[in-house]
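Please walk through the structure shown here, one packing arrangement at a time.

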Amino acid sequence: MKAITGGTGFIGTNLAEYFLKKGEKVQIIDNFSRKGTKENKKYLEKNFPANLKIIKGDIRKDLKLMEKVFSEADAVFHLAGQTAVTTSIKNPRKDFETNALGTLNVLEAARKNKNNPSLIFSSTNKVYGKLNQTQVTEKEKRFEYKNLIGVNEQTALDFHSPYGCSKGSADQYTRDYSRIYGLNSVVFRQSCIYGKRQFGVEDQGWIAWFIIASILGKKLTVYGNGKQVRDVLFAEDLSKAFDLATQKINKTKGKIFNIGGGEKNTLSVLELISILEELNEKKIKYSFDKARAGDQKIFVSDISKAKNVFGWQPEISAEKGVKMLFNWVKENQKEIKSLKLF
Ligand SMILES: NC(=O)c1ccc[n+]([C@@H]2O[C@H](COP(=O)([O-])OP(=O)(O)OC[C@H]3O[C@@H](n4cnc5c(N)ncnc54)[C@H](O)[C@@H]3O)[C@@H](O)[C@H]2O)c1
């Protein structure tokens, strides 16, 4: 059985669907705090009535529940979390309790399972901070690294913002539980992930947000000059990475991996807008505002370690993925509108 915390969130729903399609049993723990989780729950229950159990629970306090669910699991995917930097600045205590304390609770509960399940934690590239030392050049539509292909796992940690600090400490705890307690734990430092069932808002999930806003005719603001670049990974490719890393747990345990689209799958905000103008067959209205605090000009992950250690690499190109998400949003406009995301 696969246990997923935060399993009715965006990445969790995709991961649950991936395993359910493979005929695996899945149990989800989620407190449904994120908008759209109730809809994701309905979607999973409707399409995969067998092999699925969705339980309301909170990683900040429901230790006994987690112990029970994890006791049956051969793999735990810890995805539950507070995910927006902006929200973490408004409420650092809640952010800490969810991401740092919540992860400690998950690790402790997994440690009670005598079969030592695999445990993969969704960390973030934000643990590397602003990377001020990297040299960047400015091109017509994007920033580029001057002499770097991508950021690797050896890069110094530099936590910025309460979100960076809470995820960063959870990242280090997860790794250390492998050293100290022999837990089969793995850290994925995820870059920008996008895909179906992502109800992006301005603060988090920028690709989904731009697509949704462009289709529903909402006002778009570009913070900074729009040349910011990210490597982007379609959720299905991430699910495959989770699966492969657990299958090869003897090689992956105790290790940290940067997981993203890598150098072959990058997008700037302006480039995304151009793609969306083509897909929408019309100009998109947007205005500029000043750059957001802590926003990196460019972040591209070096994903070669994941390829070398467990044979994973992305298969869905940025262009193809954006088109798939665009089509999904078009087909599901009614559901998205009813969520009143903005
Ligand atoms: N989406 C990305 O681009 C990205 C990038 C890097 C890291 N991550 C990490 O991946 C994970 C999943 O992200 P996502 O995009 O699916 O976000 P999401 O907000 O869609 O999913 C998070 C889920 O956690 C649940 N949750 C929140 N607090 C909880 C609590 N106290 N107890 C139980 N459940 C709780 C929410 O209801 C939600 O279903 C997060 O940990 C996030 O930090 C995401």
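Predicted model: local features only at pLDDT ≥ 70, side-chain atom pairs only at ≥ 80, totals over all residues.

P92, D95, F96, N99, A100, T103, L104, L107 and R111 of helix 5 are in contact with P162, Y163, S166, K167, S169, A170, Y173, T174, Y177 and Y181 of helix 6. Sorted by class, the residues of this contact are 11 nonpolar, five polar and three charged. Helix 6 covers residues 161-181, and its axis comes within 8 Å of that of helix 5, with a crossing angle of roughly 15°. Because of that angle, helix 5 counts as roughly parallel to helix 6. The crossing of helix 5 past helix 6 is right-handed.

Along with helix 1 (10-21), strand 5 (118-124) and strand 9 (192-194), helix 5 (92-111) gives at least two residues to the shell around the ligand. Helix 1 provides the largest share, which is three residues. There are 26 residues around the ligand, and those that come nearest are G6, G9, I11, G81 and S122. The composition of the shell is 14 polar, eight nonpolar and four charged residues.

Seven strands make up an open sheet, with parallel pairing and the order 3-2-1-4-5-8-12. From one strand to the next, the twist averages 20°.

I28 has I54 in strand 3 as its bridge partner. Helix 2, residues 37-47, packs on the sheet here and touches both strand 2 and strand 3. The direction of helix 2 makes about 155° with that of strand 3.

What angle do helix 7 and helix 10 make where they pack? Helix 7 (residues 206-216) and helix 10 (residues 269-280) pack at about 35°, and their axes are 11 Å apart. Helix 7 passes helix 10 in a right-handed crossing. On the helix 7 side the contact residues are I207, F210, I211 and S214, and on the helix 10 side they are L272, L276 and N280. By class, this contact holds five nonpolar and two polar residues, with no charged residues.

The other partner of helix 7 is helix 12, residues 318-331. Their axes lie 10 Å apart, and the packing angle is about 45°. Helix 7 is therefore oblique to helix 12. The crossing of helix 7 and helix 12 is right-handed. Here I207, A208, I211, I212 and I215 of helix 7 meet V322, L325, F326, V329 and K330 of helix 12. The residues of this contact comprise nine nonpolar and one charged, with no polar residues.

Two residues of helix 7 tie these descriptions together. I207 and I211 are among the residues that meet helix 10, and I207 and I211 are also among those that meet helix 12.

Notes
Residues numbered from 1 in each chain as written. Near = placed C-beta within 6 Å. Helix = DSSP H or I, 4+ residues; strand = E, 2+ residues; numbered from the N terminus. Nonpolar A, V, L, I, M, F, W, Y, C, P; charged D, E, K, R; others polar. Axes fitted to C-alpha atoms, helices over the stretch in contact; angles between N-to-C directions. Parallel < 35°, antiparallel > 145°, perpendicular 65-115°, else oblique. Left-handed = near helix turned anticlockwise from the far one by under 90°. Contact = placed C-beta atoms within 7 Å. Pairing = 2+ DSSP bridges.
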